[in-house]
Amino acid sequence: MNRSLKLFAVKGIDIRLHITFPLILGWAALQFAQIYGGVNGAIFGIVAISILFVLVTLHELGHSFAAMSYGIPTKQIILSPIGGVAQLLRMPDKPGQELVIAIAGPAVNILMAFLMLAVALALGIDLNTLFRGAAGLEGATLTSLFSYVFVSNIFLAVFNLIPAFPMDGGRILRALLALRLDYARATKVAANVGRVFAILFGIYGLINGNFFLIMIAIFIFGAGTQEASVSSVRQILRGHTVQQAFSSSTYRLEANYTLQQAANMAAYSGQRSFPIVSGDRLVGFLPQAVLHEARRTYTAHTPVSAVMRTNIRPVTPNSDLYAVQERLQAERLDALPVVSEIGRFLGMITGQQIAELFRLVRSQPPIITGSNSA
Ligand code: ZN
């Protein structure tokens, strides 16, 4: 199920290797065996790529620590053959924060470049030798290794600063624009700039027959389109609350109901998840997935209280709808219970209800515009 392997943790952030990671090591071993010949070349390739991924990890930790300083935790950092991803638990609301978080990654690489340059000068390696080494002209030596890592690290910084989603440069550009424009408009402009870059890469790749560049161009073009649509959902849902979408006519269970009764109720009501209530108090929540799993592992007469989840934070009628939508996705739920400020059970909000409100609002012209959160 879990397609990555935990290496270690830094300040509570798991650093994980995707199972496809050995592919890049194998590829590097083959490539460098061809360049430098034999086993020496293969070892050189594996060591060089491993060091490169240490730099990728530092880059991702740069993003994570910047996010942490705004109270945004990072779930994990996953390293795969195409690079690293720091999974932040949510995105910052303020463009200024997004700007700092996006810059923090490439800033780490720029810092490392200066550090390595200082080390190179201290060791008496001049710039000429540095670039000769990276071009493979120095043989499988330590100087070559150093050069390769040095040049790759600079490439990492430059590539990430290309102003196109999903690169850091795209986010930096959007954040800068969002200091002046509203968020959706800023995203649209940034996505269009990214698409122009994608087209230029694509044309250049076609002219030079560079298949890799064409792939990157297609990838960047798609990412820009997706970012624009995510942001429009956010723009539309922001400012709407649970009050406007949730239903109070929710089927509910009591703690002593059996799994069989819960399954029957799901079958005839069409409702997937159930709140467990006692009087007007919420005592637990039975998400669809938990009910399914329990039906396989427990007998039909088991009370729902034995399997219900008691650690799900309910939302209130004033909760922001976009935040609720993000929680549903992050926690893989189809619904969340709604309680009043004083803890009285009121009903449930489902992903479907949010989608309906989204369609309704989108089909109407906007009433309020220019909601810049800066
Ligand atoms: Zn980055």
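Q: Buried means under 20% relative accessible area, exposed over 50%, and partly exposed in between (1.4 Å probe, protein chains only); is Val 39 buried or exposed?
A: This is a predicted model, in which local features need pLDDT of at least 70 and side-chain atom pairs count only at pLDDT 80 or more, while totals for chains, interfaces and linings use all residues. Residues are numbered from 1 along each chain as its sequence is written, and side-chain values use heavy atoms, without hydrogens and water. Val 39 belongs to helix 2 (residues 38-68), helices being DSSP runs (H or I) of at least four residues and strands (E) of at least two, numbered from the N terminus. Because its relative accessibility is 62%, Val 39 counts as exposed.

Q: What accessible area does the nonpolar surface patch that includes Val 39 have?
A: A patch joins residues with over 30% relative accessible area and no salt bridge, like charges within 9 Å and nonpolar side chains (Val, Leu, Ile, Met, Phe, Trp, Tyr) within 5 Å. Accessible areas come from the Shrake-Rupley method with a 1.4 Å probe, and for residues only the protein chains shown count as cover. Val 39, Ile 43, Val 47 and Ile 51 form this patch, and together they present about 320 Å².

Q: Which three residues supply 80% of the area that domain 2 buries against domain 3?
A: An automatic or database assignment places domain 2 at 167-237 and domain 3 at 242-361. The two domains bury about 620 Å² between them, 82% of it on carbon and sulfur atoms; buried area is the accessible area (1.4 Å probe) that two parts lose on being put together, summed over both. On the side of domain 2, 80% of that area comes from Arg 234, Ile 236 and Leu 237.

Q: How many salt bridges are counted between domain 2 and domain 3?
A: The domain centres, taken over C-alpha atoms, are 37 Å apart. Six residues from domain 2 and eight residues from domain 3 take part in the contact, which requires heavy atoms within 4.5 Å. With a salt bridge defined as a side-chain nitrogen of Lys or Arg within 4 Å of a carboxyl oxygen of Asp or Glu, the count between these domains is zero.

Q: Is Arg 327 buried or exposed?
A: Arg 327 sits in helix 11 (residues 321-330). Beyond residues up to four places away in sequence, Arg 327 touches Ile 312, Arg 313, Pro 314, Val 315, Arg 332 and Leu 336. Since the relative accessible area is 15%, Arg 327 is buried.

Q: What share of the residues in the protein chain is buried?
A: The protein chain contains twelve helices and eight strands. Of its 374 residues, the share that counts as buried is 43%.
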